[in-house]
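Colleague: I would like to go through the labels on this model. For each one, tell me what it rests on.
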Amino acid sequence: MTRIWSEGEPIRMETDGENRPVRFLWCGRRHQIQQIVQRWQVDSDWWSSEGRVWRDYVAAITTDGVLLVLYYDHLGAEWRLAKIYD
Amino acid sequence: MTEPEYAELHCHSYFSLLDGASSPEALVEQAAALGLRALALTDHDSLAGAVRFALAARAASLHAILGTEITLASLDAGGSPCHLTLLAETQEGYATLCRLITAARCDVLPPLPEDEEPVIGWPGKVSPLLSWERLAQHTTGIIALSGCARGSVAAPLARGEFDAALAVAERLREMWGPDHLYLEVQHQNRPGDDLLVRRLREMARRLDLPLVATHNVHYATREGSRLRDALLAIDASVTLGEACRQGLLPATSTASLQSAQEMARRFAGLPPALASTLAIAERCQASIDFAQHRLPQFRDPETDQPLANEFAYLYQLCHDNLDRRYPTLRPAVINQLAHELDVIEKAHLAGYFLIVWDIVRFARARGIRCQGRGSAANSIVAYLLGITSIDPLAHGLLFERFLSEDRHTTPDIDIDFAADRREEVIQYCYRRYGRAHTAMVCNVVTYRARSAIRDLGKALEFPEAVLDRLSTGLESHSPRAAAAELEVMARAGDEATLPADHPLLLLAGLVRGLDGCPRHLSIHSGGMLITGPPLDTIVPLEPATMPGRVVAQWDKDSCEDAGLVKIDLLGLGMLGAISEAVAQAEIMGEPAPDLERIPLDDPEIYALLRRGDTIGAFQVESRAQQQMLPRLLPERFEDIVVQVAIVRPGPIQGGAVHPYLRRRAGLEPVSYLHPTLAPVLNDTLGVLLFQEQVLRVAVAAAGFSPGEADLLRRALARKNSEAAMEAMRRRFLEGAREKGIDAGTASAIFGQLEGFAGYGFPKSHAASFALIAYQSMWLKHYRPAAFYTALLNLQPMGFYPIEVLAGDARRHGVEILPPDVNRSREKYTPERTGRGRWALRTGLASVAGMGDAAIVRVLAARAESPFNDLADFCARAGLDRDVVTSLIRAGACDGFADPPGDRRALLWRLGEIDVRPAELPIPATESHADLPDLEPLERTLWEYELLGLTPGVQLMQHYRKELGKRRICGTWEVKQMARGARARTAGLVAIRQRPQTAHGIVFMSLEDESGLLDLVVKPEVWERLRPVLKGALLVYVEGEVQRTGLAVSLLVREAAPLLQVLEGETDPQASRQAQNKLQRSFF
């Protein structure tokens, strides 16, 4: 199993008290999270020359019905959008 | 809302080899810090860490649960093995655990023969695997949890095979019933965890089984996750990158211990799964304490019936032997015996003494030399039973060091046996007590600095060359110290700019984490467990690499802490050598007297000792001992006891050596840190030399009871946790205050105890060893030929390479004769020379390339008739041409040469002979080529290469003339020079040492034809000259003569490879070749 840690698009995220995503701004539009489908964490590649990857991933559905994968990057302390499934 | 509570029931320590990354102690500490209700240790198929875990938990007031994660065969044929978590609910359940782990590890082994037949088909270490049939046989007292994501139920579920998972769960429920089986749910934030938890909930609902939350912990805190990744990569022998690509590494770093709050958050929708943890923890009450039922009942050796009264038997034995040991009976003997017997009876240890007595009796009957060592020699009972050879009364030994009334731990009897015959004794124990009750204690082999750097460096993709450089450049042995060294290396130069993920720093961090981490279990050098109940109800057993050998999963400390009694059956090369020397002397017609009974006051022996003429003798031969002897100047047996004990890290670190020597020489007055110590340290002039004195000091200065004092000694020796040491220290200072000792002095006394305790000998042990030292000195002096024969035949043993032993033999009038196909036997044998003296004939086995079969052929052919010439030898011995070539070069065919000893001519002849074993002797045509004579140096080099020593002359003799021309002295001349004189000398590097206690100073011994000279190399000089001093075999050195009393050494300032120094006039290429050859043969 090869893991590819592509960089997502930076987004501005509002979260609740437990750092769960609530809504975010992307491409000038506001997206509201309706349901969190799954959450998982990645902490890997600390040994590689490309550097460590330490992220909390969230698969979520927005109120528009779009399925997204977002992650919180612990090292950069920022949220990014990894994938959109249309 | 009430505070959430949680008990962790699934946790791996580093005894889950190459999977867990934390010590049991670290896990306990973190669990206690998080406020967990309980912690279970569930290492893979192992209870190796269980005792340490239980002790740490007791100290931290944490409820400890004993368990394992067992590797179970797949339920359907062909599937991959899965995991199942088992917890001991009751004491009986603990026994079940041991049985199951033993079964998982040993079921594949072939049946072991009861006698000494060879074991066929021994697989060695194997991957554990438990069958379902076995599991079904042993379920009593166990609570089973269904396991991790690789568990029996979860694994098929994760693959979406609901029916398969259901089948397994139903099977498990049949075996355990609904009260003892839980479905285990885990959530480590891995992709897929959410889904798996949902499926397990569904399964639990369907089967009406309870759920329990666990976290499958693999390290105490998040920082441990990297080390675990690295261990997983090491386990698979791949780099971290490759391990990641192969999917072997978890993608997360969340397998650390979690708080109750965190677990409550993870399982917010499943409160019953959390409640289960507490309910299970409450139910699990097994503990580890086997002090009550440890030994088998002793069987009367005559009738083989169990003894009704072991104590009465012991009592009788002791009294029967009184006459022999004490021909003139004194009240002190009777009193001491009565006291010891009383303590032994109260401690229920009569059976233990009888078992040991029986083993020693067996060995003696078989002619296997043996002698008790260690603290047992403090006991008059052990002395009367013949277990030890030292009279405790004559030497003022302290029984309490061995066994005291209020002692909480078990005593320890260690016996040395002639190393070459120890196995017979071990086999006897197996026969006498049965394999179900007898096993060797394991030795937990932990990572050392080098292995840690090598394994981790490979995982981190460090180039091989870099790893070589890093690990050979290291000064330290422990991973912890090596990590600090690596950090210094990394920071050298650019401290400010070094990023935290610099590869060297990354490596250093991981190396530090491996400190104390086990690599594998091996067989302890001699610890034997013999138990009354079957062993596999007390501790799991697993196969060792050695055929037929099964080891307990506990090391000696764990056994001791669990209250088990072990007997150390150790192999001591010198006892074998003494036996052999005595046998040789007998053959030579010069039998030695009974060495057990020789008087210990022979002035000639003490004169030798004072000169440091001790090479080959037991204990007193090492470089450090030889330096000490002329300063300590032993005059009586007690001085040898001191001599044996003083060259130890304990007295050295405790700062005892110099005061002792100065006081002994009358250069300074005897003084004590406090007057209360005077009676305790009187014998050793006010310094701490023996372990018993640690006990006596604690009693005298701080009012400890003897048993308490022994606990203190153990704590000091084992380097227990800092908290435990601090408690001891407070108790000591408190006690000292009550005795009116001021705080500063009390602190100083405690400091001395601390510096000493771990590395000192008990006096009893030193006395036992001193006796063997004396016996070996006696043989060396009065039966030298027999003695050197024995030493050379039992190599490797002792401190020196055989070349040094051979040189020493020569200097003591025992010539070493080259091998001779018409005279040599297999090994070295004494041979009378023309001048009526004894010499040693080198054995055929000493010639490189001579295998057992070749030796048998030579001896058999020779038995028919001696070999006439080389052709006859080749025809009848039927050896390969290469082997014959080696024999010729080593001098074994010199008798065939004409002129005598012309080996080059013989080699030429060999070329003309058809060496194939022929039925008809082929008449060899005589021819003589005009060959240049073999250079004496070359001949010596050949011998060195093939024999590892040079029978005729010491190597340096060939260079003496050249050296003389350059005014380079022999070592004997250096020894005559005044203190501070500049000296230039040269020799063969025989020994190189860097003792941990010497602050980086390197000690070397340089040999030439006259003997050994000690070199002292300071760290800065070592740094500069290391390539020379480490690389060259023959070195030239310059330095200053140091003298302390009669001891001489050379403080090295300069050094160079000798051959380079001589190069001006000899042929440089030849000397380089010579040098290369030496390197190859020597290392």
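Colleague: Start with one pair. Are Glu1009(B) and Arg960(B) buried or exposed?

Modeller: This is a predicted model, so take every value as computed. Both Glu1009(B) and Arg960(B) are buried.

Colleague: What makes Glu1009(B) and Arg960(B) a salt bridge?

Modeller: Their side chains meet at 2.8 Å, N to O. The cut-off is 4 Å, so the label applies.

Colleague: Which parts of chain B does that pair tie together?

Modeller: Glu1009(B) is in the loop between β18 (1002–1008) and β19 (1011–1017). Arg960(B) belongs to helix α42 (residues 960–965). The parts tied together are therefore 49 residues apart in sequence.

Colleague: What about Asp894(B) and Arg903(B): why is that pair called a salt bridge?

Modeller: The N to O distance is 3.0 Å. A pair within 4 Å qualifies, so this one does. Asp894(B) and Arg903(B) are both buried.

Colleague: How do you know that Asp639(B) and Arg636(B) form a salt bridge?

Modeller: The closest N and O atoms are 3.9 Å apart. The limit is 4 Å, so the pair counts.

Colleague: Why is Asp639(B) called buried?

Modeller: Its relative accessible area is 4%.

Colleague: Which residues are linked in a network of salt bridges?

Modeller: Arg299(B), Asp304(B), Asp358(B), Arg361(B) and Arg432(B). Over all chains, the structure holds 69 salt bridges.

Colleague: How many salt bridges are there between chain A and chain B?

Modeller: One. Asp43(A) and Arg222(B) bring their side chains to 3.7 Å, N to O. That is within 4 Å, so the label holds.

Colleague: What else crosses that interface?

Modeller: Six residue pairs are in polar contact there.

Colleague: Why is Ser13(B) called buried?

Modeller: Its relative accessibility is 0%. The cut-off is under 20%, so Ser13(B) counts as buried. Ser13(B) sits in the segment before α1 (24–34) of chain B. Leaving out residues up to four places away in sequence, Ser13(B) touches several others, including Pro24(B), Leu27(B), Leu41(B) and Asp43(B).

Colleague: What makes helix α3 of chain B mostly covered?

Modeller: Of its 16 residues, 13 are buried. The helix covers residues 91–106. From first C-alpha to last, α3(B) reaches 22 Å, close to the 22 Å expected at 1.5 Å a residue.

Colleague: How do you know that helix α36 of chain B is mostly covered?

Modeller: Seven of its ten residues, within 802–811, are buried. Among them are Glu803(B), Leu805(B) and Asp808(B). Just after α36(B), Gly813(B) takes a positive phi of about 80°.

Key
Residues are numbered from 1 along each chain as its sequence is written. Chains are lettered from A and ligands numbered from 1 in the order in which they are written. This is a predicted model: local features need pLDDT of at least 70, side-chain atom pairs count only at pLDDT 80 or more; totals for chains, interfaces and linings use all residues. Side-chain values use heavy atoms; hydrogens and water are left out. Helices (H or I, at least four residues) and strands (E, at least two) are DSSP runs, numbered from the N terminus. The expected span of a helix is 1.5 Å times one less than its number of residues. Buried means under 20% relative accessible area, exposed over 50%, partly exposed in between (1.4 Å probe, protein chains only). A polar contact is a pair of N or O atoms within 3.5 Å; within protein, one must be able to donate a hydrogen and the other to accept it, and residues adjacent in sequence count only if both atoms are side-chain atoms. Contact means heavy atoms within 4.5 Å.
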